[in-house]
Amino acid sequence: MRALISFDIDGTLEEGDPPGILTIDFVRETKQDGFLVGSCSDRPISAQRAMWERHGIDVDFAVSKHMLADVKSRFTADVYYHIGDREDLDKRPAEQAGFEFLWPHEALAKPWG
Amino acid sequence: MQCVAVDPITVVAFNASFRLEDNGEGMKQGVDPDDLTRPFWEAANLDRLVIQNCTRCDRLQHPPARTCHQCGSDGALAWKEMSGRGRIYNYGVVHDCPIRLLQEDQPFNVAVIMLNDDPGIQMYSHLPGTPVDDIPIGADVEVVFEATANGQKVPEWRVVAGER
Amino acid sequence: MARCGGGAVSTSPAPASVYRVKEGLGLWEHRGKVAAVGIGHSPTFRRWDGTPENSVGGISLEALRRAIDDAGVNPADVDGLVMDPSTTTGAFWPRGKPLPWDSINAYNRTDDPLDGITGLSADWILANSAELTGIEFTSYGVGCMSNAICVAAQAIGDGRAHTCLVLKSWHNLEGRYYQGGANAGNAIPGSSAIRSLWGTPACFGTAVQFAEYCRKYGKTHDMMAPFIENSRQNGLKFPEGYWAQHRPEEITPEDYEAARWIAKPANLFDNDLPIMVSAAYLFTTADRARHLKQQPVYILNHATSRTRPRSLTPTLDEVEADTARTARKIYEGAGITANDLSFENMYDGFALFHQFHIEGLGYRGLKFGEALDFYQTDISISGPNPVSPSGGNIGCGRSRFWMHTDCIQQIQQRAGARQVTGVKPEIAVSGGPMPVGGNYMVWSATPGS
């Protein structure tokens with residue numbers, strides 16, 4: 001089964017402002033496990049790309065917060081996840097775009113392998 | 001959000017983003033009239049649009065205030081009934097709304113209406129029945145009255161038929 | 001009650017007569033007789049971390065002490081304090097949430113336990129500034145640093161203070177901007193409902209003015225991209241700013257055009273970021289300034305717009321009429337023309353109204369409708385036409401004072417990597433916030449002739 005995981009940054013990842021509970025290594029492992037991986041954040045896209053480059057993670061996408069529907073149209077997957085920390089800016093638009101939404105603690109607890 | 005009877009098929013044809021309220025979701029917040037604005041809201045409940053007017057200056061002002069912005073009088077302010085006609089002066093499309101009750105309906109139109117009785121007087125409108133981000137600027141509109149979450153009616157505006 | 005010269009007086013908002021609102025007042029009577037001689041900034045934070053030292057009171061004390069140190073004056077010689085008691089970015093202490101007693105009790109408190117946490121009185125500052133033993137004059141310039149500057153400049157000119165601190169601070173708490181309180185409820189008071197029932201975010205009025213501007217002059221939103229890019233680049237050269245300190249991210253034109261809408265045509269990057277920060281300036285008389293550590297930066301004028309829009313939101317016609325009126329007041333009181341401006345630092349805390357400010361000023365000969373084309377030319381700090389060299393709120397986070405700090409630092413030639421190089425920094429204008437309703441000042445390397 002092919003799955004795509006979209007990560008919010010601020011409040012979700014350890015590099016966020018504020019820091020979230022998901023580590024960069026967590027993202028790296030999902031990528032290594034064969035998931036389609038990227039970020040969907042209010043940070044400038046160039047800043048998202050620079051962050052991933054700094055960590056040596058070759059993400060599949062880096063988009064603005066409202067672009068999950070575009071991501072879904074660009075990538076074929078059996079299931080699409082968005083992990084974020086906001087009801088209004090993550091959960092609602094993710095579900096509207098046809099993504100399954102996970103809070104960071106749910107993402108940590110989920111058996112991804 | 002918009003409390004109007006519109007053919008659902010027509011709505012779908014307009015724009016997928018526009019949807020009728022269902023089960024009260026997306027309804028405007030209720031209004032608790034206060035001393036300053038009570039006549040405005042009471043008139044709305046009777047499907048009448050009234051605007052504060054300084055009888056000394058013969059000048060309308062909105063939002064209501066304790067004194068006339070022109071002459072400073074606090075004793076010459078009265079409420080004057082409007083024709084309920086206006087035109088669309090300007091608009092924006094709200095994608096990130098601070099009001100929780102309206103967030104389910106984002107994005108939505110907010111138009112600035114200028115009254116025919118005095119184009120200097122503006123009112124906001126969601127323009128029920130008008131597709132999102134497809135606003136006929138300059139079009140004639142007429143007032144309708146819409147119930148909010150606590151039953152208080154508020155003035156809304158609809159494009160007059162034939163204006164699109 | 002504030003401690004003033006050993007006694008106690010209450011601090012009040014400055015009377016309306018302090019502000020130079022009308023046209024035709026002629027040269028400011030204190031033109032060139034008041035000078036800025038010290039700057040102090042606190043660190044920036046996105047939100048309060050709950051520690052006493054980073055509370056709005058704590059960072060304010062830090063800014064004040066840095067300004068005094070920067071000027072090289074004895075704290076006991078400071079006899080005036082002008083500040084804004086309001087510090088909210090839109091965040092208020094949640095009803096029912098336990099008060100932060102550890103932080104409250106870390107300082108000498110006033111009758112209001114949240115003084116120093118979600119507001120700031122002169123009483124609180126003086127109760128926690130043992131070194132300020134000579135304060136004889138206190139006043140509130142309510143609104144912004146721009147208000148406080150007008151009040152302080154006038155007070156020194158009028159002889160009510162000799163060496164005066166000017167302070168503005170901001171607090172920010174958890175939660176999204178303006179999403180709590182009444183906005184989360186099911187009903188609101190009738191007076192608020194007239195405006196807010198339709199769910200317009202703070203930038204809505206500016207967004208629709210910009211929409212009208214684009215229709216009238218045939219411009220498009222993407223033409224703002226060079227302004228945004230330039231502002232952030234300048235802001236990243238402002239070491240006191242939020243983005244430089246915490247997230248050194250540029251905004252490219254591609255980033256700007258990909259940003260989500262808040263109220264179309266205003267997008268995310270047209271809005272500034274609420275932060276915690278404090279800044280203080282030290283003003284004194286021109287005579288005294290000449291003997292202090294820093295190069296004096298003279299105030300040639302302060303001017304104010306108190307124009308009330310006719311209805312819910314100013315029309316483009318109202319905006320243009322008022323920015324032109326404001327410019328006439330600025331130039332008249334300072335005894336200068338647009339041609340004398342080395343650069344401009346007008347407010348940008350919605351980016352989409354900066355062009356209204358500079359078109360009203362006639363900066364570099366701009367007429368209404370021309371600024372977005374101007375943005376496509378060289379507006380950098382190294383060119384002949386610097387626009388917002390401070391980076392403003394877009395480049396540094398919301399404070400509404402970067403523009404003033406930058407004017408002072410540029411003229412003193414200590415703006416560092418941000419120093420303008422394409423022009424000689426001699427006379428500059430700053431101020432805001434709104435194009436209709438704001439306070440403005442003219443800064444100069446010389447007291448004028």
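Here are some questions and answers about this predicted model, taken chain by chain.

The model is predicted, so to speak of local features takes a pLDDT of at least 70 and side-chain atom pairs count only at pLDDT 80 or more, while totals for chains, interfaces and linings use all residues. Residues are numbered from 1 along each chain as its sequence is written, and chains are lettered from A and ligands numbered from 1 in the order in which they are written.

Q: Which radius of gyration does chain A have, and why does it agree with a compact globule?
A: The radius is taken over C-alpha atoms, and the globule rule is 2.2 Å times the number of residues to the power 0.38. For 113 residues a compact globule would come near 13 Å, so chain A agrees with its 12 Å.

Q: What share of the residues of chain A count as buried?
A: A residue is buried if 20 or more other C-beta atoms lie within 10 Å of its own, exposed if 12 or fewer, and partly exposed in between, with C-beta atoms placed from the backbone. By that count, the share among the 113 residues of chain A is 43%.

Q: Which strand of chain B gives the most to the side that touches chain C?
A: Two residues are in contact if their C-beta atoms, placed from the backbone, lie within 7 Å. On that basis 38 residues of chain B are in contact with 34 residues of chain C. Elements that each supply at least two residues of this side of chain B include α2 (38-45) and β6 (108-115). With five residues, the top contributor is β5(B).

Q: Which residue of β8(C) is the bridge partner of B:V94?
A: Two strands pair if DSSP finds at least two bridges between them. β5(B) and β8 (residues 261-264) of chain C pair in the antiparallel sense over two bridges. The partner of B:V94 in β8(C) is C:A263.

Q: Which residue of β4(B) is the bridge partner of B:Q52?
A: Strand β2 (residues 50-54) of chain B runs antiparallel to β4(B), and five bridges join them. The partner of B:Q52 is B:W79.

Q: How many residues of helix α12 of chain C are buried?
A: This helix spans residues 354-361 and is mostly covered. Its buried residues, among them C:F356 and C:L361, pack against elements of chain C including α7 (225-235) and β12 (343-346). The count is eight of eight.

Q: Which residue in β13(C) does C:M346 stand opposite?
A: β12(C) and β13(C) pair in the parallel sense over four bridges. From β12(C), C:E344 and C:M346 point the other way from C:F343 and C:N345, and all are buried. Opposite C:M346 stands C:G431.
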